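This text walks through one protein chain and the two ligands modelled with it. It begins with the overall division of the chain and then turns to the ligands and the backbone.

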Amino acid sequence: MIKNKKYQAYLLNNFKNLRQVQKYLTREEQYVIDVVGSVLPFKVNNYVIDELINWDNIPNDPIFQLTFPQMGMLTKKHFGEIAHARKMNNGDKEIIANRIRYELNPDPAKQNKYNIPSLEGTKLTGIQHKYDQTVLFFPSHGQTCHAYCTFCFRWPQFVGIDELKFASRETELLVDYVKENPKVTDVLFTGGDPMVMSTSRIESYLRPLINSHIPNLQTIRIGTKALSYWPYRFVTNKDADNLLHLFEKVIKKGYNLAFMAHFNHPNELQTPIVKKAIQRILNTGAQIRTQAPIMKHINDKSEIWSTMWNEQVKLGMIPYYMFIARDTGAQNYFAVTLERTLKIYQRAFRKVSGIARTARGPSMSAAPGKVHILGINEINGEKVFTLKFLQGRNSQWVGKSFFAKYNPDAIWLNDLQPAFGEEKFFFQK
Ligand SMILES: *Cc1c(COP(=O)(O)O)cnc(C)c1O
Ligand code: SF4
């Protein structure tokens with residue numbers, strides 16, 4: 001139910017604020033949140049607490065797992081170290097937290113090394129460009145979210161490991177960059193979550209882009225989880241109507257506006273306010289495509305995915321990607337083996353109509369590209385994974401398939417070896 005109260009977020013981003021949910025949590029659970037939350041980011045708001053989490057079902061509730069730090073997210077060793085530092089209270093806590101963070105592979109796909117482009121010798125730190133057609137833009141005021149996902153691969157920027165933060169206010173540089181790179185058709189606003197910004201701020205980023213008449217620019221994408229974490233952004237926020245007008249303006253200018261909405265579980269699609277928000281966005285002429293990673297404790301069941309894709313289609317959205325948990329942060333806690341992920345995807349795929357079979361995956365966003373797991377096959381007596389590049393650091397790799405030795409324990413690309421006695425995968429040569 002939409003409650004008749006001020007649609008203002010109250011945030012829980014440190015332990016002192018946990019009062020609002022103390023009634024739901026034992027002392028032990030609060031202690032764990034405090035300890036794990038001092039290494040990994042933690043932030044949640046009243047919508048998530050009051051409307052999404054079923055407190056009769058914790059700790060198993062998927063949205064509780066999605067937003068609240070859990071014991072298993074740190075190894076026993078790391079948990080012990082940070083718990084000890086907290087007890088000593090001698091100022092070491094932050095130093096130890098940072099050391100642990102660096103041990104959690106904070107830059108998994110080497111985005112800092114490879115993906116940051118330059119223009120006339122200047123490094124464009126707010127831009128990442130990995131695949132020919134799509135440029136990612138990180139507006140500096142959009143580098144936070146309404147709540148944080150416990151598995152987030154962008155987690156380092158929320159805990160203040162500054163050199164891992166990409167941000168820029170320089171829309172002008174973005175415009176120049178897109179002009180100079182005629183293969184680029186898409187600009188994807190991302191973060192964080194650009195929908196945390198005020199409408200006037202969003203407009204200041206979008207206006208130069210849509211007014212510059214860049215012939216190659218076709219689609220403006222907005223990556224967001226605001227439909228899950230703060231749907232009021234599109235309905236009752238003071239500047240919600242202006243935001244929708246802005247979307248209409250982008251479309252009137254002749255651009256395709258696509259929301260890349262992040263939904264992890266069908267429970268995020270049930271409230272009247274999220275349905276209303278979706279409807280309002282679609283009414284502007286924008287499209288909403290949906291994507292999410294598959295995560296143990298949250299959504300590692302085929303019924304969850306088939307239900308979610310069906311609900312999304314019913315609400316007018318287009319399922320787009322199923323991702324695999326990245327090799328960073330609390331990966332051990334969330335990882336599902338590649339084999340099991342494939343089975344879950346295939347079972348869900350069989351249960352929905354063709355209209356909902358637009359979700360590609362399961363896919364790994366790894367350093368060489370987006371790697372699609374197509375199947376497990378037996379070829380010449382050898383059991384193999386059949387894989388294919390959906391995107392590649394080298395555009396010649398896109399669409400190419402390749403084979404890896406079957407490995408039932410593999411959870412990521414770097415657990416795989418080439419099949420048929422080859423020494424290297426073709427993209428490593
Ligand atoms: C996924 C991704 C994109 C967009 O890829 P599409 O397949 O076009 O949606 C762009 N850049 C990076 C770095 C990505 O990971
Ligand atoms: S909404 Fe996206 S960027 Fe924000 S915490 Fe979740 S996964 Fe990370």
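The domain assignment divides the chain into three stretches: domain 1 (4–102), domain 2 (113–285) and domain 3 (320–429). The model is predicted. Taken over C-alpha atoms, the centres of domain 1 and domain 3 are 32 Å apart.

Two of these domains take part in holding ligand 1. At least three residues of the shell around ligand 1 come from domain 2 (113–285), and at least three come from domain 3 (320–429). The surrounding residues are Tyr-131, Thr-134, Leu-136, Arg-221, Tyr-320, Tyr-321, Arg-360, Lys-370 and Gln-391. By class, this shell holds 4 nonpolar, 2 polar and 3 charged residues.

Several side chains of the shell come within polar contact of ligand 1. An N or O atom in the side chain of Tyr-321 is 2.6 Å from an oxygen atom of ligand 1. For the side chain of Tyr-320, the distance from an N or O atom to an oxygen atom of the ligand is 2.7 Å. Gln-391 also has a polar side-chain atom 3.1 Å from an oxygen atom of ligand 1. On its own, ligand 1 has 390 Å² of accessible area, and the protein covers 86% of it.

Where does ligand 1 sit? Its place is in the largest cavity. Strand S6 (134–137) and strand S11 (318–324) are the elements that give two or more residues to the shell around this ligand.

Ligand 2 likewise sits in the largest cavity. Around ligand 2 are Cys-145, Tyr-148, Cys-149, Cys-152, Phe-158, Gly-192, Lys-225 and His-262. This second shell divides into 5 nonpolar residues, 2 polar residues and 1 charged residue.

Most peptide bonds are trans, and most residues other than glycine have a negative phi. Which form does the peptide bond from Gly-191 to Gly-192 take, cis or trans? That bond is cis, with omega near 20°. Gly-192 belongs to the loop between strand S7 (186–189) and helix H10 (199–211).

Another cis peptide bond runs from Ile-58 to Pro-59, where omega is near 10°. Pro-59 is in the loop that lies between helix H3 (46–52) and helix H4 (62–67).

A further backbone feature concerns phi. His-297, a residue other than glycine, has a positive phi, near 75°. This histidine, His-297, is placed in the loop between strand S10 (287–294) and helix H14 (302–314).

Technical notes: Residues numbered from 1 in each chain as written. Chains lettered and ligands numbered in written order. Predicted model: local features only at pLDDT ≥ 70, side-chain atom pairs only at ≥ 80, totals over all residues. Heavy atoms only, no water. Near = heavy atom within 4 Å. Polar contact = N/O pair within 3.5 Å; in protein donor to acceptor, adjacent residues only side chain to side chain. Areas by Shrake-Rupley, 256 points an atom, 1.4 Å probe, with all protein chains shown as cover. 1 Å grid on protein atoms, 1.4 Å probe; cavity = no way out; pocket = protein on both sides within 12 Å on 5 of 7 lines; lining within 4 Å. Sits in = over half its atoms within 2 Å of the grid points. Helix = DSSP H or I, 4+ residues; strand = E, 2+ residues; numbered from the N terminus. Nonpolar A, V, L, I, M, F, W, Y, C, P; charged D, E, K, R; others polar. Domains from an automatic or database assignment.
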